Number of protein chains: 2
Amino acid sequence: MCCALLNRLLLVSCLLPLCLTPLSMRAVPQKRHVDLLVVGGIVVTMDAERRVIENGTLAIDGDTIVAIGPRADVETRFISSRRLDATGKLVLPGLINGHTHAPMTLLRGLADDASLHDWLNNYIFPAEARNVTPDFVAWGTRLADLEMMHSGVTTYADMYYFEDDIARETKAAGMRGVLAETIIGFPAPDNKDFAHALAYTEKFLNHWKGDPLIHAAVGPHSVYTCSKDLLAESAELARRYHAPILIHLSESKPEVDESRAKYGVSPAAYLDELGFLGADVLAAHCIWVDGHDVALLARHDVGCVHNPSSNMLLASGVAPVTQMIAAGVRLGLGTDGSAGGNHDLDLMEEMPRAAELQKVTHRDPQALLAEQAFAMATIDGARALHMEDQVGSLEPGKKADLVLLNLDTPDGVPLYNVYSQIVYALKARDVETVMIGGRMIMENRRILTIDEAEVLHKAREYGDRVRKSLDLH
Amino acid sequence: MCCALLNRLLLVSCLLPLCLTPLSMRAVPQKRHVDLLVVGGIVVTMDAERRVIENGTLAIDGDTIVAIGPRADVETRFISSRRLDATGKLVLPGLINGHTHAPMTLLRGLADDASLHDWLNNYIFPAEARNVTPDFVAWGTRLADLEMMHSGVTTYADMYYFEDDIARETKAAGMRGVLAETIIGFPAPDNKDFAHALAYTEKFLNHWKGDPLIHAAVGPHSVYTCSKDLLAESAELARRYHAPILIHLSESKPEVDESRAKYGVSPAAYLDELGFLGADVLAAHCIWVDGHDVALLARHDVGCVHNPSSNMLLASGVAPVTQMIAAGVRLGLGTDGSAGGNHDLDLMEEMPRAAELQKVTHRDPQALLAEQAFAMATIDGARALHMEDQVGSLEPGKKADLVLLNLDTPDGVPLYNVYSQIVYALKARDVETVMIGGRMIMENRRILTIDEAEVLHKAREYGDRVRKSLDLH
């Protein structure tokens with residue numbers, strides 16, 4: 001049957017019911033009113049089919065995406081008095097920074113290119129002991145949040161001290177956070193011992209219960225800084241509250257050597273023996289993991305976070321990213337803290353580094369593809385945080401966490417492949433608009449939730465204070 | 001003698017001659033009028049003493065720096081009707097991109113994550129054969145120049161086709177260039193054979209003789225794409241005109257294996273045998289060089305250029321940067337072209353990558369320091385280009401090529417160490433003002449010499465054209 005004939009038949013069959021229905025009863029399609037339509041962008045969904053919708057539109061109601069598709073389809077079904085024009089821009093899922101220590105931004109560049117021992121013992125530990133207060137972490141978090149929002153981050157996982165203050169600031173900034181109070185086997189700036197840390201953490205978990213943005217978590221620092229009891233009791237507390245557990249895992253070779261000497265097994269295997277591993281654990285770094293460790297992490301559905309800038313800058317080593325992906329490990333991407341481990345919180349820069357580091361290490365330009373690196377910063381990052389039902393892709397039912405990237409810049413032209421452009425060519429400077437849970441957080445590069453000038457002023461003040469506290473000039 | 005007494009004696013001895021001189025004859029210090037004073041910045045000189053002048057001022061006359069020092073000192077001696085306030089900003093020597101193929105920016109992202117063979121034979125070579133014309137290289141160069149200026153690059157070394165058109169655009173952009181016409185052992189988009197290429201190049205060298213910004217050069221592509229005659233005659237032509245010679249050297253392992261099989265020696269040793277190596281050669285990559293090669297490059301004063309992003313992305317390997325520096329090789333930094341080898345021309349991003357790649361490779365956080373990476377992008381880059389008498393540092397007698405970086409951003413605070421901040425924390429987005437040879441090229445992030453909107457429009461047009469030429473959709 002020729003197309004013209006088929007079309008005519010279809011037309012007739014469509015019109016017939018209308019003709020036979022009295023005018024008053026005709027089904028006028030009702031459009032649903034929603035809070036916002038994001039209209040006309042190149043929508044990179046990161047859904048299971050990896051759909052890229054050329055002239056796409058999202059319908060957003062409350063904090064949730066209710067529809068996504070070609071513009072004409074969505075506009076047939078939804079209407080809104082608020083429209084965000086995304087024509088000629090990329091619309092991406094908000095990026096997920098899987099590992100950081102936000103307030104350390106106030107210490108970035110304090111002592112670089114130093115050996116880890118010198119850096120920790122002569123700079124970071126004394127600086128933290130003398131300076132870290134609730135006020136310090138509040139301003140440090142604001143500075144960190146500014147930087148993360150500018151690079152399109154909408155969700156981040158954090159481990160530091162006074163985490164309750166960090167949570168308050170994160171919520172005020174409008175960001176989504178998985179925020180873990182650090183529990184460590186020596187006196188910390190906030191809690192002098194384990195008992196106090198546990199009590200603080202329990203109060204912290206209670207405080208944020210049910211919050212739509214803040215996921216309070218428990219952060220036993222690592223196998224090498226925490227006793228067996230500390231690890232076990234931290235996990236027990238977290239599980240009683242159904243809270244995530246954040247930990248550093250196998251970041252350095254000495255850490256693994258020490259674990260093998262002390263416990264006879266690797267840090268991952270040791271945690272497995274303790275019953276620590278599970279689908280609520282987020283493990284940062286995982287550089288010095290062997291095949292057995294990788295299998296354990298996959299089997300227990302542990303989320304892992306790769307931090308390429310930090311791993312390179314601290315000379316920690318190269319994580320077996322391709323092996324972990326092949327084994328089905330939930331693997332996200334992180335910046336680490338911006339003192340020592342990194343100097344920025346720019347997740348846009350971690351994507352190319354992740355790809356480049358695997359390529360050069362394996363001497364294979366296809367070792368990690370642009371699309372995979374972008375997945376690590378979005379849907380796979382969400383899987384690592386066990387939040388893939390809420391964030392990480394643009395799909396109906398998920399939170400309206402999204403980013404608009406400007407393509408009208410030298411970085412944006414010409415455009416042959418969206419994943420390649422995002423990962424290798426576009427920069428944080430091209431992030432134009434950021435929305436979290438349907439709320440506009442950054443619009444045309446202006447942060448709406450934080451007073452940037454005030455933060456810069458305070459950061460300089462803290463810089464002076466830290467320098468003085470260490471007798472630096 | 002106590003200080004107070006000493007001061008009093010000095011005061012008396014200073015005043016005495018004045019008192020004894022009749023009023024009319026007193027030496028009123030004459031201030032010299034200059035074209036511009038850049039006032040009050042944190043001036044990072046990169047001179048031999050690595051002076052960082054906190055409240056520094058530069059006096060600029062014509063295209064040259066005539067004085068630099070503490071503000072009070074310079075202002076005592078110089079006066080100008082034009083003043084550029086740099087208070088609270090970093091003032092750096094203009095950055096030097098030691099290796100690129102500017103027009104390839106129009107091909108960036110055309111086919112990524114592909115094997116080198118697939119990428120070259122199925123995408124780049126056909127795309128070049130069907131699209132590269134004088135108009136293509138002109139628009140490609142404009143796009144590349146925009147991007148480079150935005151990242152603080154003031155001088156760049158280029159190798160491509162129709163280099164005369166590239167030179168014209170570079171000069172129009174106000175940039176300094178060492179620009180080499182590529183000579184290669186097969187038909188190129190501009191010249192069908194070696195004879196035509198040589199004739200074109202000689203005309204090109206004549207055309208730009210004596211230009212203050214453009215240094216026309218000869219670019220025999222590499223040992224693996226050029227015959228012995230081609231290499232020798234290219235070098236002979238260059239030397240007849242005292243022009244620089246640009247070449248790719250030991251970028252891949254197969255290239256070195258092939259050279260050893262064919263000539264019995266490494267590419268560097270082969271070039272040495274031909275009398276090719278000298279203080280006028282700029283060799284890009286130098287990844288697969290052994291101790292003997294490094295010694296040769298050092299002994300012949302060859303300039304070398306490290307391209308970390310490209311080397312990682314193409315999985316080429318890790319250059320022995322620390323070994324080359326130790327051997328005294330003139331070693332600069334480059335982006336490579338932005339198709340395949342890289343996707344941007346952002347030299348600010350090459351600095352951290354250079355440091356990170358050496359650190360992680362040597363498992364030593366002190367393998368390459370921030371200051372060394374910054375030197376590679378400035379004074380050592382100038383040494384690689386054999387132009388250290390003209391550019392690469394802020395010193396009297398050198399060209400007024402400089403960059404102002406804004407510190408009033410989240411990337412700029414707090415500031416503990418300038419080198420660390422520049423290399424690890426600050427980004428191209430913080431580059432605010434760029435001056436080349438005393439001429440303002442970018443002011444408050446606005447490019448003054450190129451119509452940005454027009455370039456973006458043309459780049460999109462060329463994107464469509466290239467896609468169609470390869471039957472891509």
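Guide: Helices (H or I, at least four residues) and strands (E, at least two) are DSSP runs, numbered from the N terminus. The model discussed here is predicted.

Visitor: Where in chain B is B:Pro414 placed, and is the peptide bond from B:Val413 cis or trans?
Guide: In chain B, the loop between β16 (402–406) and α16 (418–425) holds B:Pro414. Omega from B:Val413 to B:Pro414 is near -20°, and the bond is cis.

Visitor: How many helices and strands does chain A have?
Guide: Helices and strands are counted as DSSP runs. For chain A the secondary structure comes to 17 helices and 19 strands.

Visitor: What is the radius of gyration of chain A, and does the globule rule agree or disagree with it?
Guide: The C-alpha trace spans about 85 × 50 × 45 Å along the principal axes of chain A. For 473 residues, a compact globule would have a radius of gyration near 23 Å. The value for chain A agrees with this, at 24 Å.

Visitor: What percentage of the residues in chain A is buried?
Guide: A residue counts as buried under 20% relative accessible area. The accessible surface of chain A is about 17,300 Å², with 54% of that belonging to carbon and sulfur atoms. Of the 473 residues in chain A, the buried part is 62%.

Visitor: How far apart are the centres of the positive and negative side chains of chain A?
Guide: Chain A carries 44 positive and 63 negative side chains. The centres of these two sets are separated by 5 Å.

Visitor: What distance separates the centres of domain 1 and domain 2 of chain A?
Guide: The domain assignment of chain A places domain 1 at 32–87 and domain 2 at 94–387. Taken over C-alpha atoms, their centres are separated by 33 Å.

Visitor: Is A:Met46 buried or exposed?
Guide: A:Met46 lies in the loop between β2 (36–44) and β3 (52–61) of chain A. Its phi is positive, about 60°, although A:Met46 is not a glycine. Because its relative accessibility is 1%, A:Met46 counts as buried.

Visitor: How is A:Arg363 classed by its relative accessibility?
Guide: The loop between α13 (347–362) and α14 (370–376) of chain A holds A:Arg363. Phi of A:Arg363 is near 50°, a positive value in a residue other than glycine. With 40% relative accessibility, A:Arg363 counts as partly exposed.

Visitor: Which residues does A:Tyr263 touch, not counting residues up to four places away in sequence?
Guide: A:Tyr263 is part of helix α8 (residues 253–263) of chain A. Its relative accessible area of 27% makes A:Tyr263 partly exposed. Beyond four places in sequence, A:Tyr263 touches A:Val223 and A:Tyr270.

Visitor: Against which elements of chain B do the buried residues of α5(B) pack?
Guide: Helix α5 (residues 163–173) of chain B has buried residues, among them B:Ile166, B:Ala167 and B:Thr170. An α-helix has 3.6 residues a turn, so residues three or four places apart point the same way. After α5(B) comes B:Gly174, with a positive phi near 85°. The buried residues of the helix pack against α4 (134–150), β9 (153–160), β10 (176–183), α6 (194–207), β11 (214–220) and β18 (439–443) of chain B.

Technical notes. Residues numbered from 1 in each chain as written. Chains lettered and ligands numbered in written order. Predicted model: local features only at pLDDT ≥ 70, side-chain atom pairs only at ≥ 80, totals over all residues. Heavy atoms only, no water. Rg over C-alpha atoms; globule rule 2.2 N^0.38 Å. Buried < 20%, exposed > 50% of the residue type's maximum accessible area, 1.4 Å probe, protein only. Areas by Shrake-Rupley, 256 points an atom, 1.4 Å probe, with all protein chains shown as cover. Lys, Arg positive; Asp, Glu negative; His and termini not counted. Charge placed at Lys NZ, Arg CZ, Asp CG, Glu CD. Domains from an automatic or database assignment. Contact = heavy atoms within 4.5 Å.
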